[in-house]
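Trainee: I have just opened this one and would like to go through it with you. Could we take it piece by piece?

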Amino acid sequence: MMQEQGGQGAVSEDMTLEEAFSRLDQVVERLESREITLEESFKVYQSGMELLKTCNDKIDRVEKKVLMMDEDGELSGF
């Protein structure tokens with residue numbers, strides 16, 4: 001059961017930002033739990049860092065798209 005909760009932060013490339021943020025919230029809650037072992041906390045922390053990287057990558061892609069929009073709201077090619 002403990003491993004199952006630690007695995008909730010598994011990163012999927014097709015997850016939305018909202019899903020990733022929700023999973024990050026779960027990671028934080030799990031790390032704040034008094035019932036977590038030190039070993040499990042390292043695993044949960046690692047999955048949280050992977051989620052954070054995924055979020056940053058997705059935000060960067062959105063930001064690039066926004067910057068490439070012209071004044072008509074059309075998206076210019078990459």
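Trainee: Let me start with one residue I clicked on: is Asn56 buried or exposed, or something in between?

Mentor: Keep in mind that we are looking at a predicted model. In that model Asn56 has a relative accessibility of 40%, so it counts as partly exposed, because that value falls between the 20% and 50% cut-offs.

Trainee: And which helix is Asn56 in?

Mentor: Asn56 belongs to helix H3. Along the chain Asn56 is 39 residues away from Leu17, and the C-alpha atoms of the two are separated by 9.4 Å.

Trainee: Stepping back a bit, how many helices and strands does the chain have?

Mentor: There are three helices and zero strands, and reading from the N terminus the order of elements is α-α-α. The chain has 78 residues, of which 22% count as buried.

Trainee: What share of the contacts comes from residues 24 or more positions apart?

Mentor: If you take the contacts in the chain with a separation of 6 or more, residues 24 or more positions apart account for 57% of them.

Trainee: Back to the helices, then: at what angle do H2 and H3 pack?

Mentor: Helix H2, which covers residues 17–32, packs against helix H3, residues 38–68, at an angle of about 155 degrees, and their axes are 9 Å apart. Since an angle over 145 degrees counts as roughly antiparallel, that is why H2 is described as roughly antiparallel to H3. The crossing in which H2 passes H3 is left-handed.

Trainee: Which residues make that contact?

Mentor: On the H2 side they include Leu17, Phe21, Leu24, Val27 and Arg30, and on the H3 side Glu40, Val44, Tyr45, Leu52 and Ile59 are among them. Sorted by class, the contact of H2 with H3 has twelve nonpolar, three polar and four charged residues.

Trainee: Is Arg30 buried or exposed?

Mentor: Arg30 has a relative accessibility of 10%, which is under the 20% cut-off, so Arg30 counts as buried.

Trainee: How about Leu52, where is that one?

Mentor: Leu52 sits in helix H3, and with 37% relative accessibility it counts as partly exposed. Leu52 and Leu24 are 28 residues apart in sequence, while in space their C-alpha atoms are 7.5 Å apart.

Conventions
Residues numbered from 1 in each chain as written. Predicted model: local features only at pLDDT ≥ 70, side-chain atom pairs only at ≥ 80, totals over all residues. Heavy atoms only, no water. Axes fitted to C-alpha atoms, helices over the stretch in contact; angles between N-to-C directions. Helix = DSSP H or I, 4+ residues; strand = E, 2+ residues; numbered from the N terminus. Parallel < 35°, antiparallel > 145°, perpendicular 65-115°, else oblique. Left-handed = near helix turned anticlockwise from the far one by under 90°. Contact = heavy atoms within 4.5 Å. Nonpolar A, V, L, I, M, F, W, Y, C, P; charged D, E, K, R; others polar. Buried < 20%, exposed > 50% of the residue type's maximum accessible area, 1.4 Å probe, protein only.
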